[in-house]
Amino acid sequence: MTDGDIVRIYGDGACKGNPGPGGWGALLKWNGQQRELFGGEANTTNNRMELMAVIKALESLTQTSKVEVYTDSQYVQKGISEWIIGWKRRGWKTADKKPVKNAELWRRLDELAGRHHVSWHWVRGHAGHPENERADKLANHGVLNPQGAPA
């Protein structure tokens, strides 16, 4: 598999109020091509939108792929690569025995990630990373256009 065979996903979430109207955005890049996705919900949280960005991007893949996911959300990056192991072992409870927030989205993300060869990367948000900045713009567009209408 060459470097061109890797699908790079840049995801971001946005929320106007937390909770409040929210949006998610994802930029997918592969083999010199790219695709942009976005959407939103009327009453949600920023963390849910961060998760939805990656979920929707992974759902859009039509075949098993080598994927690199870039997110400025440590909640997503640490959640899927570290915390989820304990959550699953404890029956979707946190270390202090409380229910995991957004468990249905974590389960969905875990299932989708299991279909691919995924590596998870954290990038600093709002630090001039071009693809992360684009994902942020898409997420903010999703707040205003929750149905994912063309940008």
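Trainee: Leaving aside neighbours within four places in sequence, which residues is Ser-60 in contact with?
Mentor: Ser-60 is in contact with Leu-28, Arg-35 and Leu-37. Keep in mind that this is a predicted model.

Trainee: Okay, and where is Ser-60 found?
Mentor: Look at the loop between helix 1 (46-59) and strand 4 (66-71).

Trainee: Is Ser-60 buried or exposed?
Mentor: Buried, because its relative accessible area is 18% and the cut-off for buried is under 20%.

Trainee: What does its side chain reach?
Mentor: The side chain of Ser-60 reaches the backbone oxygen of Ala-57, at 2.6 Å.

Trainee: Switching to the sheet: what order do the strands come in?
Mentor: The order is 3-2-1-4-5, in an open sheet of 5 strands with mixed pairing. Strand 3 (33-44) and strand 5 are the edge strands, each pairing on one side only.

Trainee: How many bridges join strand 1 to strand 2?
Mentor: There are 8, and the two strands run antiparallel.

Trainee: Now helix 2. Where does it bend?
Mentor: At Trp-83, by about 60°. Helix 2 covers residues 74-89 and lies across strand 4 and strand 5, at about 140° to strand 5.

Trainee: Which of its residues are buried?
Mentor: Quite a list: Tyr-75, Val-76, Gln-77, Gly-79, Ile-80, Ile-84, Gly-86 and Trp-87.

Trainee: And what covers them?
Mentor: The cover includes helix 1, strand 4, helix 3 (103-113) and strand 5 (117-122).

Key:
Residues are numbered from 1 along each chain as its sequence is written. This is a predicted model: local features need pLDDT of at least 70, side-chain atom pairs count only at pLDDT 80 or more; totals for chains, interfaces and linings use all residues. Side-chain values use heavy atoms; hydrogens and water are left out. Helices (H or I, at least four residues) and strands (E, at least two) are DSSP runs, numbered from the N terminus. Buried means under 20% relative accessible area, exposed over 50%, partly exposed in between (1.4 Å probe, protein chains only). A polar contact is a pair of N or O atoms within 3.5 Å; within protein, one must be able to donate a hydrogen and the other to accept it, and residues adjacent in sequence count only if both atoms are side-chain atoms. Contact means heavy atoms within 4.5 Å. The expected span of a helix is 1.5 Å times one less than its number of residues. The bend at a residue is the angle between axes fitted to the seven residues ending there and the seven starting there. Two strands pair if DSSP finds at least two bridges between them. Axes are lines fitted to C-alpha atoms, for helices over the stretch in contact, and angles run from 0 to 180 degrees between N-to-C directions.
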